[in-house]
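This report goes through a model in the order of confidence, fold, core and chain contact. Please keep the structure open while reading.

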Amino acid sequence: MADRKDAEKVSCGNKGDRMKEILLFTAGGKHFGLELPMLRSIHRAMPSMIRHDGHDAAYMINDENVPLCDFSEVLGEKSMSENTVGKKIMIVSVCDRAMALMVDRIDRVVSVRPDQIELLPLIFKGKATQWFPKVLWYEERPFLLLNPDGMGYVRHPVLPDGLELMMNQIVRKDAVADIMVRGLSQALKNSVVHGVDRIREILEGHGKKA
Amino acid sequence: MKVIIFPASTQTVFGEKIYFVFSVRQVEDIIREIPVSPVPFSPRYLKGIVRWRDCIIPVISMEECLGFDMLNVENANRLLTVRGGDGKKERAMIKTGSGLRMLSLPIPCTPAASSEWIPEKHLVSGVYEWEEGFLICVRIDDILSGTYSQ
């Protein structure tokens, strides 16, 4: 608890601290905010740019597939991926990588004092605080501030089918273990053969001397 | 010393109603319901957050926190602001309906034989048999600090 209180002082600051710019947006009928430095760009959502692969989706930006998160869908609303009319794509930084967030509406950017931002109460735990560790109360309304790093949403971009299969096989733990066991076995065998040869040479050398 | 007692919106247990009891010192305010903003990914008993006296505090259903189904949700139109003991800053608003009462101690009651019928009994510090039903004292500090968040 003390750690979180200390963090509060650091993260939320005092009245004298610099103003923060927060992008306000709406998704699933709820209001959210994002600290502006985490935002890379905003685009109009285009259905032709969305690629689906099972449960994963990607959005094509500048010839690059960026993992896509339909914010309304993850909030438990019905998936709106098919209906992108009026929606926006926000490209945000997540652990130095890009992620696309599809939201209903971008509202505006507001400049707020750090003391207008509070931590979510301690009673909230887990995913709620990972995604929304802070709250901005602005114009009589709370805006949950999204922490993209806490989303844990970034996955590998959607790959072509053959490449995806190969990647899956490469990362299969049992396959990797099998390769390592075979490698170690061969190395041990080579070592034993070499050792036997060396012993034979030594013994033959002693025999000749004798 | 005085206590605030209010009925839980649950079904009766062994034919008896359930009541929650808090020390008056723990109760800071009782207000009519104000808009509650839900927080995604929260457990069912956490109804959201509100702003109260320049603080953001959670709104909880004590019934659901203890694992009961909450009945007559639409009647829960009052919010009771409670805080942790020993000067702790953590607070929460508890949804409740009518039937709030302030009583002076001692109240004629005896410790209940069992609390096994409370699904989340680890969140309860005491259960008493009272003339009108069961009185439940909750571990509010543990609840507010999120120690037992589901």
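How many helices and strands are there in chain A? Chain A has five helices and 12 strands. The model is predicted, and its scores are ipTM 0.85 and pTM 0.74.

**Confidence**

The per-chain values are set out below.

| Chain | Mean pLDDT | Residues at pLDDT 70 or more |
|---|---|---|
| Chain A | 79 | 75% |
| Chain B | 88 | 97% |

Chain A includes a stretch, residues 5–13, where the pLDDT is below 50. Beyond near neighbours in sequence, this stretch makes eight contacts in the model. Where pLDDT is low, the predicted coordinates should not be read in detail.

**Sheet of chain A**

Six strands of chain A form an open sheet in the order S3-S7-S8-S6-S5-S4, and the pairing is mixed. Its edges are strand S3 (39–44) and strand S4 (50–53), each of which pairs on one side only. On average, neighbouring strands of the sheet are turned by 35° against each other, direction ignored.

Within chain A, strand S7 (residues 88–94) and strand S8 (residues 97–103) are paired in the antiparallel sense, with seven bridges. A:Lys88 has A:Val103 in S8(A) as its bridge partner.

**Core and contacts**

Of the 210 residues in chain A, 24% are buried. Among the contacts in chain A with a separation of 6 or more, 61% join residues 24 or more positions apart.

The largest nonpolar core has 71 residues. Which of its residues touch the most other members? They are A:Ala100, A:Leu101 and A:Leu145. In soluble globular proteins, nonpolar side chains tend to be buried together.

**Contact between chains A and B**

How many residues does each chain bring to the contact? Chain A gives 18 residues and chain B gives 18 residues. On the side of chain A that touches chain B, helix H3 (127–131), strand S11 (134–138) and strand S12 (141–145) each supply at least two residues. H3(A) provides the largest share of that side, three residues. By class, the side of chain A that touches chain B consists of 14 nonpolar, one polar and three charged residues.

Terms used
Residues numbered from 1 in each chain as written. Chains lettered and ligands numbered in written order. Predicted model: local features only at pLDDT ≥ 70, side-chain atom pairs only at ≥ 80, totals over all residues. Contact = placed C-beta atoms within 7 Å. Helix = DSSP H or I, 4+ residues; strand = E, 2+ residues; numbered from the N terminus. Nonpolar A, V, L, I, M, F, W, Y, C, P; charged D, E, K, R; others polar. pLDDT = per-residue confidence, 0-100. Pairing = 2+ DSSP bridges. Axes fitted to C-alpha atoms, helices over the stretch in contact; angles between N-to-C directions. Core = buried A, V, L, I, M, F, W, Y, C linked by C-beta atoms within 7 Å. Buried ≥ 20, exposed ≤ 12 C-beta atoms within 10 Å, placed from the backbone.
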